Amino acid sequence: MRKFPIGGFTALFAIGAAIFALSGCYKDNFDFNKVKQDPITWEPDIAFPIVYSTMDAEEIISISDSTNIYQYDGNNFITLIYRRRVFSQTVNDFFQFPFNQQVNENMSFGAVEIAQFTANGSASTTTNSGITFGISGPGGSQLDHVTFHSGTMTIAFTSDFQHSGTLQVSMPEMKLNGVPFLQSYPINYQGGSVNYTIDIPLAGYTMNLNNGNGPNTIPIDYTLTLNQGNGAVPTPVNQVQITHSFQEMVMQYADGDFGNFSLVINPGEVELDVEQGSHGGHLYFEDPRFKLHVKNSIGAEIQVGIDQLYASGNAGQLNIDVSSLIPSGQFTIAGAPSVGDSSITDFYFTKDNSNISQVVNGDYDKVNHALSAQVNPNGPATNFATLNSAIEVVADVELPFWGYSDHFTIIDTVEVPFDDASDFADNIEHGLLRINTVSHFPVDGLLKLYFADSNHVVLDSVLTDGSFIIRSGQVNADGKTIASTQTNNDVELDTTRINSLFDSRYLLIYADLTSTDDAGRNIKLYTEDNIEVRIGLRVKLKAKPSDINKF
């Protein structure tokens, strides 16, 4: 259930009811007569402190959705923001190296190498190979350089030559700290086949994929050298079988032509918890705003189309008019100017350039959106991105607390178990509920409380005569509260009503909220606004307190 704008106020009464049965022992620290100036004398009696609390503006207007944001200007004026990330993708979302890509090579000696080996006791052969990375980014992306954040390169080989030697692997276009990859691995023949597996972490390595060997390709050279041992003379059938693979590659940086392709953006919505009251009344915000914030830290231009943007709720659907700022329904996001920088575009839709006021102040509770986007809409380009580079589109609904509440009604149900105090209730003859409020808050509040049993059947009620429990503080011409107002209320509870209270399982709370001057003008909320509430209960007992001191 949505509770706005005094969800904290309803919770306050729930707390009071829940501790009622446990609070009689505080009499020594609680002077009931100080809650109001006209004391009532009953003998014997006990005074119960139920609530003493001060709530600031943020607590009073708090809503159950903790993801909402409060923003304050230099004067502590409050704006509530509903924020939703519409879209966010990084370079590794655009371009993904395959989970496992490998090249296989078999190396053997031909007649020339065998003759050289027989004559000199040593011979070498080189195979020029390479690997083309099947980058998954649509649109035919051709990268120039890639630096890896993580991943593994594995070189595994098996030799059935009956001689020892080395296998040298050279990758001149793959460098670590500017040094090309060049490693030699020993082949130690001791009878039988020789098997080796070497894992090399890719973190920090940079590949130059623009090297004349084809798109997204790096060359690899393998050189096999064998030295004369005691085994049989090599034949063309003998081989070194090589499996050279790359696994779980994640890019730290990439540049080149990312290609022309569309981004997948799932439709979404921004929930407006401040929907108009389903139980009656109305909230009005004088200056609501809808903001689209676009941040692009990828060096690639992107064209965004607003395919759908509408509000929905009990009033049906209403298209949000953005034509004044985005006439064609499309806009272009510039690429980031350099690595580490961002291109930022903001669109603010207000009551002056859109119908956002009608959306917020109507009976709508969601802003729905469907966007499309295209990378490099004008064709091939030189792009760049880092691991954390991203394209983000964030939608904000901003609600400055400037407006009015006209009998906005909220209803809440809280559990109030009094089982442990049932014996004590039998000793109560009469009761007085005393409510004292000091409000530095620009809202008048009517409150009705209903006691209900475990089946939610109403047993009794209090405060149903339309009395104000909270009176608005004094408000200046600008709508700001400048002085507090104190309100006192007494509610007499006879035996029947007390029994209903202790027989109840639930407290049904109806709150009717109207801003200053019966919603006749706009008010504003600031962080210093607050409400102080003191609630006490004095009961007349059938027996002396000393006779029931166990309570």
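## Residue T495

T495 counts as partly exposed because its relative accessibility is 32%; partly exposed lies between buried, under 20% relative accessible area, and exposed, over 50% (1.4 Å probe, protein chains only). This is a predicted model, in which local features need pLDDT of at least 70, side-chain atom pairs count only at pLDDT 80 or more, and totals for chains, interfaces and linings use all residues. Residues are numbered from 1 along each chain as its sequence is written, and side-chain values use heavy atoms, with hydrogens and water left out.

T495 sits in helix α7, residues 495-503. Helices (H or I, at least four residues) and strands (E, at least two) are DSSP runs, numbered from the N terminus. Beyond its neighbours within four places in sequence, T495 is in contact (heavy atoms within 4.5 Å) with I428 and E429. G431 is 64 residues from T495 along the chain, with 7.9 Å between their C-alpha atoms.

## Helix α4

Helix α4 spans residues 111-120, and its buried residues are E113, I114 and F117. They lie on the same side of α4 because they cover an arc of only 100 degrees around the axis, taken from the directions from the helix axis to the C-beta atoms. An α-helix has 3.6 residues a turn, so residues three or four places apart point the same way.

The buried residues of α4 pack against β5 (122-132) and β11 (217-227). A111, V112, A119 and N120 are exposed on the other side of α4. After α4 comes G121, with a positive phi near 80 degrees.

## The whole protein

The protein has eight helices and 35 strands. Of its 551 residues, 51% count as buried.
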